[in-house]
Each structure stands twice: as C-alpha cells, then as structure tokens.
Amino acid sequence: MKSDFETSEKRHLSADSQPDMLPDYSGGMSEAERALLHGHVDGEVGGEGDGQLRDEGDGQLRGERGDATGGLRAELGGQLGAHVRAALAWHESPERSQGWDLHTHTVFSDGQCTPSEAIELAKNAGIAGIALTDHDSAQGWSEAEKRARELNMPLIRGTEITAEWGHTSVHVLAWLYDPTNEALAELFRTTRMNRVRRTKKMVEMMGEKYPITWEDVLKQAGGTAQTTIGRPHIADTLVAKGLFATRSEAFLGPVSSKSEFYLPVISPQVDEVITTVKDAGGVVAIAHAGSFARNKEILNDQDIRHFADLGLDALEVWHRENSPEQRVRLLKLASRLGLLATGGSDWHGPHGKPNLLGENLTDPQTLQAIVTRGVLPVVE
Ligand code: AMP
Ligand code: FE
Ligand code: FE
Ligand code: ZN
C-alpha cells in the first residue's frame, strides 16, 4: 500500500546517539538468557521493583523477570478459552523468530531512536515483526515504512493513545487503522496541543526550583512540531543540565506523577478513543492494563467489560509493568471477554527506559487475528 498519506519530514538524532548498547541477539543465546527473556525464571517471581531485565552495556541481559507464565497454563487449565490458552502455550516456550513486539517508541514521541533505527534493531533482534506505537501520533510511519521495505522487516503501523477513565490514566494501543480518518487525526491534534500546554506549565512551575526553560525542553524534543511532547523531554532537559544522571532518575524526582510539579494531560475518555479507532478500522488494546506505575487505581473488571462491549480487541498482558498476579487476572479476563492477549516491550531507546526491544512479544496466532481485523495491511 502506498503511504502518501504522510509527508512527514525525516528526523534524526545525531549519529553518535545510534545505540551500541543494545543486547546483541544475533549470536546464539545462552539457556540462561533465553530463560530470562521468556520468563522461565526459577524461584521467586517478584512484584514491583523486581522482575527487571538489565542491560549493563555489554549486551548481556541480567536480572529477573516477573513473568509468571511458566507453569501457569497447567495451573489455570480449563479456566482459559482456547485462544488465550494457545497464546499462553506459545509464551511458555516462545520462538523468538515468530514473535512480534507490538509496543515501541521513537523520536516522534519519547523514544530515543529514529523509526529507521528501530526497524534496523528489530531486524538484528531476530524477531518476526515490530509495531511502532508512538504516543498520540502517526508521524513516524512513513519513515518506518520505507526502512521496513528496504530491510524486509515486517511492520505494523500503530499509535499509543493517551486517555483517561475516572482517576485513571489509560494508554490505548491502536494498530492498523486508517490514518486518513479525520476524527482520529483531530483527536491526536487535540491531545498533542494539551500535552504542550500541560508540559509547558509543568516547566514553568519547575523553573522556580530548577534552571530549565521551555526552550530547553523543546530542544530536547528535537525542536520540531512533530514530536509528541511529554514528561520524558523535561527529564532529558534535567539530565542535559547535569541535574540528574538519567531520565529514570528524573522520573523518580520532579518529573514523577507524585511530584508537586505534576499535572495530568487533558485526555479523551477511553470509550471515545475505542470507538474512534474502531470507526477508523483499527485494532485496539489496553496497554499495560495491570500496571500501577502511573496510577494508584487501575481499571477494574467492569471497566474492561464495558470496553469489550464497545469493541476493545485485546489486553496487553506481557508487559514488564504487569505483575504476575495482574497477568493471571488479565489472562482470565481476556478469556472471559473474548479478548486477545498481546505482549510488547514498550521500548524507548537505549537510555529512555530499561525496557529492551523484544523483551516481550506477541505470539503468531494472536498476531494473525490482529492483522485480519485491521484495515491497514502489514508492511512487508
Ligand atoms: P507523559 O505522557 O508526558 O505523562 O509522560 C509519561 C511517559 O513517560 C510514559 O509514556 C512513559 O513511557 C514515558 N517514559 C519514558 N522514559 C521513562 C522513564 N525512564 N521512566 C518513566 N517513564 C518514562
Ligand atoms: Fe512513553
Ligand atoms: Fe504506555
Ligand atoms: Zn508505551
């Protein structure tokens, strides 16, 4: 399919930001690494702060994953419907070359690599395919499509949409929708404008205590109107000024959602987002639905049932912020409500977040169901 729907200007980080710190998946993986990657960690599986894979710069993955799917299928047995049981079976012994990473970010939002670099890294990682899901934007799609075709790397074009429900901030993954749909484009424009307003206010408040300006933050965001602005760009500014060592450390301080400087983004309601994406022919999932990382209160079963009635397609189960207990809950819910169970890394680049490209994947059968439902084809 032609991609003349976008005329986005190509953006690049400087050449020296090309990550060389990512794990090298091209060589053979040790059994230990395989186990870590796929969550077959013996012994305790932890809750928060636990379950992190770490790349210490030498391409080795270290740490434990809080992925409790090993042995889960036996335990849940007949409680799961066929499609969820099949997904779980795949995740017990995942074949990396068949798996898709359905959740990644680039410089078009708060990731650190260009779409081209993301495609190249996915190719090197040996995964079957990748979805680009920048926040509230489809601006990175055309560059990604071009590189995907050049490298024969299957690509799903998507977006992670900021939404809210009651007191809960919700991220909605939308894949394979018609990018010319005006209602969705308008929704993105509005949220991006609200993001700018809110982030600017946060910077003004922070400016009383930290020597940063809005211009500094815009510079960190790449200096064009195309990037979806957010707190990560404030964090990067604090790092650039030498006030914090890493983006994640800034997120533990003034950038945190618990900080005195925090303001929420005015966002559309989840039900509106779901119906808008469905009208645009897309496939919709609730991202990291069991994560307490940004919310005191997460979506309850009734909320998710309501969204399923509106056409929600999937729950993102395999995500590092979902605890083992939440994964079990989400798998049971998906089963009961006829939802698909997906996985994704939520990768933001080498120093964006600790999340590694391909650390969580979606199985081929689930992927096929998604592709069948979406109006846009996979780029391959
Ligand atoms: P915002 O959407 O502006 O409230 O900013 C929150 C976003 O920051 C989420 O989408 C996170 O994925 C993203 N983020 C990027 N890097 C980090 C990090 N190191 N720690 C926490 N959140 C991060
Ligand atoms: Fe993000
Ligand atoms: Fe998210
Ligand atoms: Zn994300």
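**Ligand 1 and the zinc site**

Let me begin with ligand 1, where a polar side-chain atom of H348 lies 3.1 Å from one of the ligand's oxygen atoms; please keep in mind throughout that what we are looking at is a predicted model. An oxygen atom of ligand 1 is also 3.0 Å from an N or O atom in the side chain of H135, and on the backbone side a polar atom of G352 is 2.7 Å from a nitrogen atom of the ligand. Taken alone, ligand 1 would expose 500 Å², and the protein buries 89% of that area.

As for the surroundings, 15 residues surround ligand 1, and the closest are R198, R231, S248, G352 and K353. By class, the shell divides into 2 nonpolar, 6 polar and 7 charged residues. At least two shell residues come from each of α6 (182-206), α8 (231-240) and α9 (247-252), with α9 giving the largest share, 3 residues.

Now to the metals. The zinc ion, ligand 4, is coordinated at 2.1 Å by H103 and H105, each through NE2, by E160 through OE and by D346 through OD. The arrangement is irregular, because the 4 donor atoms around the zinc ion subtend angles of 84 to 174°. Along the chain these donors follow the spacing H-x1-H-x54-E-x185-D.

Finally, the zinc ion is 4.4 Å from the iron ion, ligand 2.

How values were computed
Residues numbered from 1 in each chain as written. Chains lettered and ligands numbered in written order. Predicted model: local features only at pLDDT ≥ 70, side-chain atom pairs only at ≥ 80, totals over all residues. Heavy atoms only, no water. Near = heavy atom within 4 Å. Polar contact = N/O pair within 3.5 Å; in protein donor to acceptor, adjacent residues only side chain to side chain. Areas by Shrake-Rupley, 256 points an atom, 1.4 Å probe, with all protein chains shown as cover. Helix = DSSP H or I, 4+ residues; strand = E, 2+ residues; numbered from the N terminus. Nonpolar A, V, L, I, M, F, W, Y, C, P; charged D, E, K, R; others polar. Donors = N, O, S within 2.8 Å, 3.2 Å for Na, K, Ca; no water. Tetrahedral: all angles 85-135°; square planar, octahedral: opposite > 155°, others 65-115°.
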